[in-house]
Amino acid sequence: MTITPFDVDELFDSVLGTEDDTLRVVRDLSHKAGLPAIEVSVQQGKLLTLLVQMSNAKRVLEIGTLGGYSTICLARGVHPRGSVTTLEQNPIYARLAKEHLNFAQVSNRVNVIVGHALDNLQLLMGPFDFVFIDADKENNAFYVDWAVKLGEPGTVIMVDNIVRDGRVFTVQDKLEFIKRLGMRSDIEVSAIQTVGRKGWDGFILARVK
Ligand code: SAH
Ligand code: DHB
Ligand code: MG
């Protein structure tokens, strides 16, 4: 019998009991509603909660809400008097996400903004302490620009899916996006590969200088 990274994630999820009933229901409802099953994994969701907590973030920005799974994880980590702003282009997804945020009892801390992120980012006021970028990957470079613009020194930026199916995941399927991040003098950057439920994946974790 071959053990895969998928099995190991299942093992971690079950021995740690990471996903509570609320998140499990939200994941199931999202899938049943026909949303693509591309939300963060159980463990990555918990990592989001922990990173937001560890950075003592009061204002969190998310680009790409889908059914709100990651949004709930972010909201759980945010400072008691903090808030999460999440941007979603698809009005059907956004509506479902709002229901899920209600169900998870975090809607008092979350603001869902519907429309193209590049339109709505211009209307936001910073500073944000933590930015999770997880939308249309071809705009990642613009989203990082915005994250820096709306951030301040110490702001944490995570970019999901810099690797997918074992390929560096950019417009020209080249290292261009990551190369340009490395050339910036205003952020410190790490690029992390992962394996697990979502295959060979990866993320950027960066900090505004
Ligand atoms: N963060 C979610 C998954 C997001 S999937 C989670 O882990 O639970 C990517 C989402 O980005 C989709 O819902 C898609 O509709 C949205 N999206 C794609 N392009 C967008 C854009 N230009 N502006 C805002 N949202 C966008
Ligand atoms: C896709 C998008 C994601 O945000 C992700 O985490 C995995 C896959 C996709 O568009 O296929
Ligand atoms: Mg993603």
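User: Which residues coordinate the magnesium ion (ligand 3)?
Analyst: This is a predicted model, where local features need pLDDT of at least 70, side-chain atom pairs count only at pLDDT 80 or more, and totals for chains, interfaces and linings use all residues. Residues are numbered from 1 along each chain as its sequence is written, chains are lettered from A and ligands numbered from 1 in the order written, and side-chain values use heavy atoms, leaving out hydrogens and water. Donors are N, O and S atoms within 2.8 Å of the metal (3.2 Å for Na, K and Ca), and with no water among the atoms, sites may look incomplete. At 2.0 to 2.1 Å, the ion is held by Asp134 (OD), Asp160 (OD) and Asn161 (OD1).

User: What spacing do the donors of the magnesium ion (ligand 3) follow along the chain?
Analyst: Asp134 sits in the loop between E4 and H7 while Asn161 is in strand E5, so the pair ties together parts 27 residues apart in sequence. Helices (H or I, at least four residues) and strands (E, at least two) are DSSP runs, numbered from the N terminus. Written out, the donor spacing is D-x25-D-N.

User: Is Asn161 buried or exposed?
Analyst: Buried means under 20% relative accessible area, exposed over 50%, and partly exposed in between (1.4 Å probe, protein chains only). Asp134 falls under that cut-off with 14%. Asn161 has 8% relative accessibility, so the label is buried.

User: How many residues of strand E5 (residues 156–164) are buried?
Analyst: The rest of the structure largely encloses E5. Of the nine residues in this strand, the buried ones number eight.

User: Which residue in E8 stands opposite Met158?
Analyst: Two strands pair if DSSP finds at least two bridges between them. E5 has a parallel partner in E4 (residues 130–133), with four bridges, and there Val131 faces Ile157. E5 also runs antiparallel to E8 (residues 199–208), joined by seven bridges. Across from Met158 in that pairing is Leu205.

User: How much of the accessible area of ligand 1 does the protein cover?
Analyst: Ligand 1 is surrounded by 21 residues (a heavy atom within 4 Å), and Asp134 is among the closest. Polar contacts here are pairs of N or O atoms within 3.5 Å: nitrogen atoms of ligand 1 lie 2.8 Å from a backbone N or O atom of Gly64 and 3.1 Å from a side-chain N or O atom of His116. Areas come from the Shrake-Rupley method with a 1.4 Å probe. Of the 580 Å² that ligand 1 has on its own, the protein covers 92%.

Note on methods: Polar contact = N/O pair within 3.5 Å; in protein donor to acceptor, adjacent residues only side chain to side chain.
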